[in-house]
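Here is a short briefing for a first look. Start with the structure, then read the points by topic.

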Amino acid sequence: MRRPIQLIFIIFLVIVGLSVTRITVENSISTTGIELLKLQNTISSYKKENALISEKYLEDSALISLAKKANEKGFVNANNQVYLSTPLPLALNQ
Amino acid sequence: MSFRYKLSLLFFVIFFFLITARLFYWQVVRASELQSLGQAQYGRQTTLSAARGEIRTSDNFTIVANKLSFLVFANPKEIKDKKDMADKLGSILNTDPASISAQLKPDRFWVPLKSHVEQKDKEKIEPLKLPGVGFQDETTRFYPEASLSAKVLGFVGKDDIGGDKGYFGLEGFYDRQLRGKAGQAIVIHDAAGRPILSKLTGNTGQTDGRSLVLNIDRTIQFMLDNTLKSGIEQYGAKGGMAAIMNPKTGSIVAMSSFPTYDPRHYEDYSDDLYRNPFLSDTYEPGSTFKPLVMAAALDAGLLKPDTKCPICAGPVAVGGYEIQTWNNKYNANESMTDVIMHSDNTGMVYVGKTLGLDRMVSYLDKFGVGDLTGIDLQGEVVPNVREKQNWYPIDLATASFGQGITVTPIQLLTAFSSIANDGKRMEPHVVSKIITSDGEEIPILPKILGQPISGKAARVITEMMVNAVDNGEAKFAKPKGYRIAGKTGTAQIPVAGHYDANKTIASFIGFAPADDPKFLMLVIIDRPTSSIYGAETAAPIFFKAAKNMFTYYGIPPSE
């Protein structure tokens with residue numbers, strides 16, 4: 001008669017143990033959905049910010065924009081280039 | 001074995017067989033259907049759209065990017081004062097309030113109001129806290145350099161089912177590469193609809209589009225655009241186009257044409273402006289064609305630069321027609337070098353006659369006249385070259401000076417690459433490499449299409465073209481100290497069966513430095529009004545652009 005009681009007790013302990021574990025784990029992950037949503041929103045906002053910064057960078061570094069700014073600041077095209085002539089061979093150099 | 005035992009055994013065998021068959025039916029035959037049903041209970045299917053690939057110039061500047069934009073939508077059932085909301089949205093979205101109000105039908109839950117709304121407009125709408133109005137992220141093509149090389153780039157419109165589709169230029173030609181592939185995924189949610197910590201279903205099949213890196217040099221493109229535009233205005237022309245190629249590789253470093261359109265608002269422009277005339281329009285090349293015919297005769301060993309023209313003392317009669325020079329001045333016994341320098345039609349009639357029909361047709365074929373060049377832009381056309389049996393003597397005569405035969409500008413540019421590249425004709429290419437979404441680079445290597453003439457013939461015709469620039473009609477505009485090989489062209493436009501003397505296509509084609517060409521350029525001006533001649537319109541534009549090219553490439557004068 002003693003053995004069945006021990007067996008029932010062990011089974012009972014296992015059931016209780018597993019139940020407690022399940023409750024603990026479920027309790028710990030029950031809010032991860034909200035956290036995940038927050039993380040996804042954060043990633044999304046960073047991506048948007050990055051896209052807007054990239055857009056601004058491209059706009060500001062476009063030649064069309066640089067030329068306009070250069071014109072406003074008074075830069076003009078250099079029409080007269082000066083070239084240094086090729087040096088004479090050593091034998092002809094005086 | 002007793003009968004009852006056998007019966008029981010049979011019963012169990014059949015029973016287990018039926019169970020196995022049923023399990024097979026649910027787990028194999030209807031597996032995917034049931035899987036979908038199951039997923040629908042705990043997750044939502046979502047489409048993972050593929051980001052369209054970017055387009056970058058040779059300096060790795062993103063000339064076509066993806067911009068974050070928004071679709072403004074509304075739920076009419078939540079809106080109480082439709083007029084007030086339509087007025088507020090209309091003023092910000094620059095849309096007629098009446099059309100917004102008309103869309104807000106009370107029997108609908110979701111109505112799209114305006115797509116491609118920019119961030120700044122969204123920021124104006126959000127503080128109003130309009131009930132029932134929301135935003136959905138979407139992407140729009142973004143062009144930091146505005147309409148720079150618009151006709152090379154093309155634009156992204158919609159296909160039959162509302163998806164993005166590239167049209168014209170690179171967007172059209174490389175559409176399948178750029179668009180990528182959308183994927184499907186299941187996002188698992190809890191009872192409140194919040195996503196729970198679970199990975200998206202494994203392989204979604206989504207692949208972002210590939211990006212293109214161009215041979216187009218942004219600085220040269222910008223310079224060419226400005227030079228061409230100011231030239232068109234200066235000479236009162238209807239339009240114009242130009243392209244610059246590296247003759248040794250076939251790389252297109254710039255291509256420009258006017259009038260053009262703004263790809264950001266392509267729908268506001270006429271359809272006619274979408275085509276790239278450099279590859280979609282045909283024209284009679286006129287005198288710019290002469291070096292090709294002369295090169296053919298030199299290559300065939302029929303003529304030399306000092307060969308005298310025996311028929312150049314006056315107009316030449318061919319097949320009942322009289323052929324004159326462009327200025328009605330004649331030079332008896334002039335050399336072939338002088339024929340090119342004076343752009344003498346009668347001299348070219350002699351060259352064509354000496355070459356003969358068979359060789360003429362053969363060389364035209366070798367130069368690619370009548371074939372697609374294979375340029376990687378959507379919309380290239382190929383004008384027909386008449387069959388050999390349909391050539392009359394007058395056709396041979398006029399074709400020798402570039403009339404009565406049609407080409408596309410890209411065909412002419414490609415044909416001239418053989419003169420500038422030691423006889424080898426190169427395939428024109430706008431894209432230098434394709435970059436996959438994994439970062440793998442697929443280079444597009446230079447391709448030789450053929451060798452229509454020998455290197456020796458190429459060098460001889462180059463010298464004749466250098467002489468034409470130094471001593472011809474356009475010498476006044478040439479930058480000093482540089483050896484430039486070039487040829488002017490003034491082709492009359494055929495209108496209703498005859499040529500209109502006052503409407504011309506003025507052009508100039510050339511390359512420099514002549515001894516080691518870094519660039520080959522063709523400039524075409526459509527119907528200039530200040531002067532009808534190529535020497536006085538297209539040539540100055542060419543030389544102005546060439547001067548800038550010398551500065552940009554750091555090429556010093558050699559003379």
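In chain B, five strands form an open antiparallel sheet in the order 11-10-20-19-18. Strands pair if DSSP finds at least two bridges between them. Strands (E, at least two residues) and helices (H or I, at least four) are DSSP runs, numbered from the N terminus. The model is predicted: local features need pLDDT of at least 70, side-chain atom pairs count only at pLDDT 80 or more, and totals for chains, interfaces and linings use all residues. Residues are numbered from 1 along each chain as its sequence is written, while chains are lettered from A and ligands numbered from 1 in the order in which they are written.

- Strand 11 (251-258) and strand 18 (485-495) of chain B are the edge strands, each pairing on one side only.
- The twist averages 15° from one strand to the next.
- Eleven bridges join strand 18 of chain B to the antiparallel strand 19 (residues 498-512) of chain B.

**Helix pair**
- Helix 9 (218-234) and helix 17 (538-553) of chain B pack at about 155°, with axes 10 Å apart. Axes are lines fitted to C-alpha atoms, for helices over the stretch in contact, and angles run from 0 to 180 degrees between N-to-C directions.
- So helix 9 of chain B is roughly antiparallel (over 145 degrees) to helix 17 of chain B.

**Chain contact**
- 17 residues of chain A are in contact (C-beta atoms, placed from the backbone, within 7 Å) with 21 residues of chain B.
- Helix 2 of chain A gives the most to the side of chain A that touches chain B, with eleven residues.

Definitions and conventions:
Angles under 35 degrees count as roughly parallel, over 145 as roughly antiparallel, 65 to 115 as roughly perpendicular and the rest as oblique. Two residues are in contact if their C-beta atoms, placed from the backbone, lie within 7 Å.
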